Amino acid sequence: MFGKKSVTAVMAIAVLSTSVVFSAEKIDLENYRVKIVKDASQKTIKKATESIKFEFGKDIEKVITKVDFDCKSFGLAKTDEFKNHAMGYVEYTYKKEIEKDVEALCEEMVYDSGFESIAFLIKW
């Protein structure tokens, strides 16, 4: 039904798009930065949520509790890695230039203390 060229083109469009859909979520990387807390205990999620809300406050547009994506799935490149042994996580920063002076940004705080994940969409 579909030729090899058609499938390749569809996959390329999905990877290059700055608006990505996961589950029922549509995330516009031009208008939001994404901060993900992964593989954490409920207690750690609660502490991280309080910290992120304190840091970004009213700029948090949405909190996503059913996280089935990560920063790599946006097609962004890993640019930084910071290991925080005291807090028990590794933070990865992913970026991609969308156009001149416009950059997509996604940050992941990956713990090894649990199975819960949460994501925040933060207005630029």
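**Figure 1. Pairing of strands S5 and S6 around Asp80 and Thr93.** Asp80 stands opposite Thr93 of strand S6 in this predicted model. Strand S5 (residues 77-84) and strand S6 (residues 89-99) are antiparallel and share 7 bridges. Strands (E, at least two residues) and helices (H or I, at least four residues) are DSSP runs, numbered from the N terminus, and two strands are taken to pair if DSSP finds at least two bridges between them. The hairpin of S5 and S6 has 4 residues between the strands, and Gly88 in its turn adopts a positive phi of about 80°. Because the model is predicted, local features need pLDDT of at least 70 and side-chain atom pairs count only at pLDDT 80 or more, while totals for chains, interfaces and linings use all residues. Residues are numbered from 1 along each chain as its sequence is written, and side-chain values use heavy atoms, with hydrogens and water left out.

**Figure 2. The hairpin of strands S6 and S7.** Strand S7 (residues 102-111) runs antiparallel to S6 and is joined to S6 by 10 bridges. Within this pairing, Tyr94 has Cys106 of S7 as its bridge partner. The hairpin has 2 residues between the strands, and Asp101 takes a positive phi near 65°.

**Figure 3. The disulfide between Cys71 and Cys106.** A disulfide is counted where two cysteine sulfur atoms lie within 2.5 Å, and the count by this rule is 1. The sulfur atoms of Cys71 and Cys106 are 2.0 Å apart and form a disulfide. This pair links distant parts of the chain, with Cys71 in the loop between strand S4 (60-64) and S5, and Cys106 in strand S7, 35 residues apart. The torsion about the S-S bond is about -70°, so the disulfide is left-handed. Cys71 and Cys106 are both buried, where buried denotes under 20% relative accessible area, exposed over 50% and partly exposed in between (1.4 Å probe, protein chains only).

Figure 4. Arg33 belongs to strand S3 (residues 32-40). With a relative accessible area of 16%, Arg33 is buried. The side chains of Arg33 and Glu107 are joined by a polar contact of 2.7 Å. Such a contact is a pair of N or O atoms within 3.5 Å; within protein, one must be able to donate a hydrogen and the other to accept it, and residues adjacent in sequence count only if both atoms are side-chain atoms. Neighbours within four places in sequence aside, Arg33 is in contact (heavy atoms within 4.5 Å) with Phe56, Leu105, Glu107, Phe120, Leu121, Ile122 and Trp124.

**Figure 5. Thr44 in helix H2.** Thr44 lies in helix H2 (residues 42-56). The relative accessible area of Thr44 is 18%, so Thr44 counts as buried. Residues up to four places away in sequence not being counted, Thr44 touches Tyr111 and Ser113. A distance of 8.7 Å separates the C-alpha atoms of Thr44 and Gly114, which are 70 residues apart along the chain.

**Figure 6. The protein as the setting of the close-up views.** The secondary structure comprises 2 helices and 8 strands, in the order α-β-β-β-α-β-β-β-β-β from the N terminus. Of the 124 residues, 39% count as buried. Among contacts between residues at least 6 apart in sequence, 64% join residues at least 24 apart.
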